[in-house]
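Here's a quick tour of a two-chain model, one topic at a time. Have the viewer open and follow along.

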Amino acid sequence: MVRGKLRIVLRKAALAFAVAVIVSPALLFFLWMLSLSLKPEIDNTSYPPVLIPTTIAWENYRQVLAEGSFGLYFWNSLIVTGTATLVALLVGVPAAYGIARARATHLAVVVMIARMTPALSYLIPLFLLFQWLGLLGTLWPQIVTHLVVTVPIVIWVMISFFEALPIELEEAGRIDGASRWQVFRLIALPLARPGITVALLLAFIFSWNTFVFGIVLAGRTTRTLPVAVYNSLTFEQVSWGPLSAAALIVTLPVLLLTVLAQKQIVAGLTAGAVKGG
Amino acid sequence: MAAVPGRAVFRRGVLAGTAPGFRDRHPYLPFILPAVLLVTAVIVFPWAFTGWMSLQAWQVGGERRFVGLANYARLLTDARFGAAVWHTLLYTFLAVLLPLVLGTLSALVFDERFPLRGFLRGIVVMPMMATPVAIALVWTMMFHPQLGVLNYLLSLVGLPPQLWVFDPATVIPSLVLVETWQWTPLVMLIVLGGLAALPSEPYESAELDGANALQKFRHITLPLIAPFLMVAVIIRTIDAVKSFDIIFAITQGGPGTASETINLYLFTQAFSFYDIGYGSALAVAFFVLVVALSLALIWVRARTNWTLSGGA
């Protein structure tokens, strides 16, 4: 009896330890990031390193937010990611429905190859195209190139959601005389709403994070936040505090979404992944 | 930009009037068409254009002339390209293997029931969702030989300080460390999906036969989750081969060219040297490598005749 209880306690302790080991790389990293962003320069350059700041250096954040272009870069990020996500949903959701219902596997393969293709290989032709069209000073090149990221994600996630829907309801709708478009609009779309949330979240996050295209396509006034952070990393000698503060601000929206909507995001990642093979 | 197609297109007879029978054979065409046009414009057109450019000698702002396969011939004799291929293969091998092992172990733990499981899973997933540039920046500070926290942690366990990404000998393992930190959660999620679908009967009979935990894992769990491990290997391979953000933001291929993968070399040729022709040939070669690798893995999976639970 006592031995049995001891076994259970030991098992629980081992499990708690294992969970702590798995969670700590992520947790400690982001805590360290927070610590770097809140420490005055004297703490950030001291050895041994200090985790808890001696004084909280809010001026790191103030310095980033007071930088003239920060609002502009934030706005650029919102426009580029917002538009690329919205267009991908408008075009990708009906397409995924069509592919799922028509069992158009060859189209699904094209989408899969698009997911495999290195993003960089789109950059040379699109760069030349936008140069030729004279659009390089605007946000359009980035919006269009971000579609390369968002459209395959939306189609891929939505195909698996539509395939999982019961087809009987839609057949009943057809028998009652509804057109395919009405069946889609009035039956399939409302049922797929959780899937659309997932697709929206993933498309938004991965587009927000993208910066390869921006390095080449963005000018001084059209940078998105990740591109701006990359540029401040290489071209200006900034101290660690403000740099970490900037990095945290850039990734904060994404981290909040991940923690708040972890259920949807996990569902989407595994749906895309398991089907992705 | 193409929006949701108008209702009129779908009304009975509109398409049927122009092409008899066409609408019946492709009833879902109107749903797919806008996406097909968009994908053609932003994905298929660049593929074709890149292929054409790879046959030209073309510097930005310079003359363009047709040179046939000369750019590809140059690839074969380019020692820097050879080194980049080697770096890519080494990086990919490590960046698939480590997350696979660690992710599988993590999944076994997270398959148990414990309080705050959902919330903690959200924390574990954070590294793969976080903005790569932002985390690369913090890793760069952590790698700092004098002030970085990693060397401090090493000193706590009595290990000598390292130069991490600043030494050609350790730069690739250091970058793999970041990639492993970032992508182990994805393997964990995939394997968790496999573990959730396990039947309980084999375990019950193994229990009766007196099998221990390791035997049960080796002879029951591992074969049953093998298809999911294969999916994880495929996805991880695709992503690791074309890994760019982390390497570019932390080392830009350096020191020297010690961490220059094909992707980074391609970027340098096209956007630092502005050699559009050669850069395009690199892109095509890289594209072929990635797709061939993926198809080979998918073929292996199909050959072994595994079926995914829940797969269509």
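B:Ser106 sits in helix 5 of chain B; helices here are DSSP runs of H or I with at least four residues, strands are runs of E with at least two, and both are numbered from the N terminus. Keep in mind that this is a predicted model, where local features need pLDDT of at least 70, side-chain atom pairs count only at pLDDT 80 or more, and totals for chains, interfaces and linings use all residues. Residues are numbered from 1 along each chain as its sequence is written, while chains are lettered from A and ligands numbered from 1 in the order in which they are written.

B:Ser106 counts as buried because it has 25 C-beta neighbours inside 10 Å (buried takes 20 or more other C-beta atoms within 10 Å, exposed 12 or fewer, partly exposed lies in between, with C-beta atoms placed from the backbone). Skipping neighbours within four places in sequence, B:Ser106 is in contact with A:Ile22, B:Thr184 and B:Met188; contact means C-beta atoms, placed from the backbone, within 7 Å. B:Leu264 is 158 residues away from B:Ser106 along the chain, and 32 Å separates their C-alpha atoms.

## Where the chains meet

Between the chains, 81 residues of chain A touch 77 residues of chain B. On the chain A side, helix 1 (residues 2–38) gives the most, with twelve residues. That side splits into 62 nonpolar, 14 polar and five charged residues (Ala, Val, Leu, Ile, Met, Phe, Trp, Tyr, Cys and Pro are nonpolar, Asp, Glu, Lys and Arg charged, and the others, Gly among them, polar).

In chain B, helix 11 (residues 213–241) packs with helix 14 (residues 276–303) at about 175°, their axes 10 Å apart. Axes are lines fitted to C-alpha atoms, for helices over the stretch in contact, and angles run from 0 to 180 degrees between N-to-C directions. Nine nonpolar, two polar and one charged residues make up this contact.

Most residues other than glycine have a negative phi, and most peptide bonds are trans. B:Leu116, in the loop between helix 5 (79–110) and helix 6 (117–129) of chain B, has a positive phi of about 65°. B:Trp164 has a positive phi too, near 50°. B:Leu116 is exposed, with 11 other C-beta atoms within 10 Å, whereas B:Trp164 is buried, with 23.

There's also a cis peptide bond between B:Gly254 and B:Pro255, with omega about 0°.

Key
Contact = placed C-beta atoms within 7 Å.
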